[in-house]
Amino acid sequence: MRDCVFAIAGSTYREAVRDRVLWVVFVFAAGLVLFSRVLGWLSVEDDLKMLQDFSLSGLNMLGLSLAMLVGAFSLAREVERRTATTILTRDISRGEFILGKYLGLVGVFWSCLIAGFVVMMTWQILWGGGFAVKALAALLGLLCESLLLGAVALFFGALTNAILAAVGTVVFYLMAHSLEALYELTIYGDEVRGAWFYKMAYKVLPNLEDVNFINATASELPVRWDHLGMGALGVLCWSIVFLLGASALFRRREL
Amino acid sequence: MASILEVRDLRKSFRSALSREPVQALAGVTFHVARGECFGCLGQNGAGKTTTLKVLTGQIAADSGQALILGQPGSQPSARRNLGYLPENPYFHEHLTPREGLRLFGRLSGMKRGDIERRTPELLERVGLADAADRRVRGFSKGMRQRYGLATTLLAEPEILLLDEPLTGLDPTGRQLVKEILHEEHRAGRTVVMCSHVLSDVQELCDRVVVLHQGSVVRQGAIDDLLDHDARAFEISARQVPPEIATRIKQQADKYHEGDSLLRAVLPGTEAGPDFAVEITQGGGKVLSLVPERESLEEWFVRLTKEAAMPVEAAATEEVSA
């Protein structure tokens with residue numbers, strides 16, 4: 001891989017870190033983690049379980065917000081503000097540009113998610129909880145999810161403007177998290193309308209529930225690491241597909 | 001001289017969302033730029049200058065024709081390795097400082113880190129931004145952005161400089177600075193291609209020009225060959241001019257000024273100026289200067305574009321009357 005890819009990645013990372021939006025989103029997510037303790041007190045269940053469940057869901061929302069507000073805006077804004085012009089008239093292909101942006105975005109997402117996870121674990125330990133290795137499965141799942149959401153955000157960013165790209169990313173997130181539930185409806189429900197469609201969609205489209213270990217971690221169910229591995233592989237493959245799509249779309253785009 | 005940049009029968013149409021008819025931006029543009037020359041691309045707004053540069057730099061694809069940089073299509077990234085491009089109103093990442101931005105552009109151009117670190121302070125000094133090296137671009141004025149843009153263009157010492165309105169938005173000092181830099185780069189053997197509306201700058205800097213009008217080339221060649229060299233008038237400055245001669249000069253002059261025994265006048269035609277100079281000398285006066293007034297590039301351009309627009313206007317009039 002050429003150095004120009006890493007140069008774009010570094011610039012994307014720096015741009016995101018210096019943007020106020022990132023800090024607003026992160027502070028909000030950290031606030032959710034801290035607030036989870038209050039919910040724990042109100043809950044009839046194990047209050048630490050509540051803390052972990054709510055905090056991990058907060059981190060999940062952090063991943064989505066970052067993909068939506070940082071990822072989807074990143075590429076579309078480069079085109080709208082014409083900064084892409086000054087970069088793409090150098091010795092760099094559009095595919096390399098997309099890849100560089102992707103690596104930079106993934107760097108941002110992972111930094112925030114890991115920082116959020118550290119806040120969560122510190123908070124949990126402060127309230128008498130221990131460090132559960134299982135929680136790492138949830139974190140790894142979130143990191144995998146952000147891999148795919150980053151690629152999807154770039155795909156929509158290459159296709160359309162910033163706002164529509166953000167909307168597209170949210171729609172994808174909702175769809176990819178709903179597929180499993182819709183599929184289960186067809187198994188357990190009686191004569192569900194459009195069952196064939198849900199079954200096919202479940203088999204064909206990316207399923208983010210494959211890497212969602214939040215419930216398993218919070219409910220202290222056994223974590224199947226092989227499932228996580230397979231889910232990660234699937235997410236990686238889909239990320240490559242979306243990146244190739246983004247690259248193909250962006251190559252045709254006139255600046 | 002060998003062509004370093006070549007545009008062959010380039011055609012490009014745009015289709016707007018509102019109109020069904022495509023708008024032809026380039027209708028078969030052909031020109032070439034030789035290595036080491038300073039080349040100007042002229043035209044009114046919408047003539048196709050920026051579209052040509054966009055095709056050359058791979059920002060948009062042409063419908064047909066070729067845009068070659070050192071024999072390679074400009075759409076290929078490797079062709080742009082030897083190109084430094086400054087767009088009109090350049091936009092940069094606002095969160096970066098010039099030092100960080102130059103590091104980014106250096107890496108994009110395949111430069112070694114050591115070379116980038118060495119060139120950066122030199123260039124920032126050269127474009128007058130040494131004091132702003134660590135300030136974010138966000139707070140820069142238009143002129144500062146333009147000079148920063150020029151620094152990013154020069155960083156990798158490319159063979160070709162492709163500049164779209166490089167002097168726009170600069171104050172007089174900035175304009176002088178940028179012109180000096182372009183002169184220096186040209187003297188150093190670099191090929192400079194610039195689009196500009198400021199024709200006096202083009203005349204000062206360029207060897208050859210191409211004139212585009214409504215997406216077509218209407219004229220190209222060396223500036224000296226294109227302009228009319230016959231003097232249209234003479235400007236005469238003289239002292240102690242005999243009153244009788246001064247009266248006759250005043251009657252014939254387009255412009256006339258007399259004061260403190262100094263007479264200055266612009267005399268139309270090719271003969272009146274030199275004739276009066278002889279008369280003044282013979283009458284005991286002293287001719288300080290006799291300067292021929294020739295057609296400027298700007299006057300030539302206005303005349304040319306009016307001529308080029310005429311058939312179109314005539315056709316439009318016919319269409320309306322029909």
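Trainee: How many salt bridges does the structure hold over all chains?

Mentor: This is a predicted model, in which local features need pLDDT of at least 70, side-chain atom pairs count only at pLDDT 80 or more, and totals for chains, interfaces and linings use all residues. Residues are numbered from 1 along each chain as its sequence is written, chains are lettered from A and ligands numbered from 1 in the order in which they are written, and side-chain values use heavy atoms, with hydrogens and water left out. A salt bridge is a side-chain nitrogen of Lys or Arg within 4 Å of a carboxyl oxygen of Asp or Glu. Over all chains, the count is 30 salt bridges.

Trainee: Which residue meets A:Arg2 in a salt bridge?

Mentor: The two side chains come within 2.8 Å, N to O. The pair links distant parts of the chain, 94 residues apart: A:Arg2 lies in the segment before H1 of chain A, and its partner in helix H5 (residues 94-126) of chain A. Helices (H or I, at least four residues) and strands (E, at least two) are DSSP runs, numbered from the N terminus. The partner is A:Glu96.

Trainee: How many salt bridges are there between chain A and chain B?

Mentor: The contact (heavy atoms within 4.5 Å) takes 27 residues from chain A and 30 residues from chain B. One of the salt bridges joins the side chains of A:Asp91 and B:Arg81 at 2.8 Å, N to O. The count between chain A and chain B is 4 salt bridges.

Trainee: Which helix gives the largest share of the side of chain A that touches chain B?

Mentor: Helix H1 (3-17) and helix H4 (83-88) of chain A each supply at least two residues of that side. The largest share is 8 residues, and it comes from H1(A).

Trainee: What is the volume of the largest cavity?

Mentor: On a 1 Å grid over the protein atoms alone, a cavity is a set of points where a 1.4 Å probe fits but cannot get out, and lining residues have an atom within 4 Å of a point. Grid points are joined across faces, edges and corners, and a volume is the space filled by probe spheres set on the points. Residues of both chains line the largest cavity, among them A:Asp91 and B:Arg81. Its space is about 70 Å³.

Trainee: How many charged residues are in the lining of the largest pocket?

Mentor: A pocket is an open set with protein on both sides within 12 Å along at least five of seven lines, and the largest pocket holds about 310 Å³ of space. Of its 14 lining residues, those closest to the centre include A:Glu15, A:Arg77 and B:Glu94. With Asp, Glu, Lys and Arg counted as charged, Ala, Val, Leu, Ile, Met, Phe, Trp, Tyr, Cys and Pro as nonpolar, and the others, Gly among them, as polar, the lining has 2 nonpolar, 3 polar and 9 charged residues.
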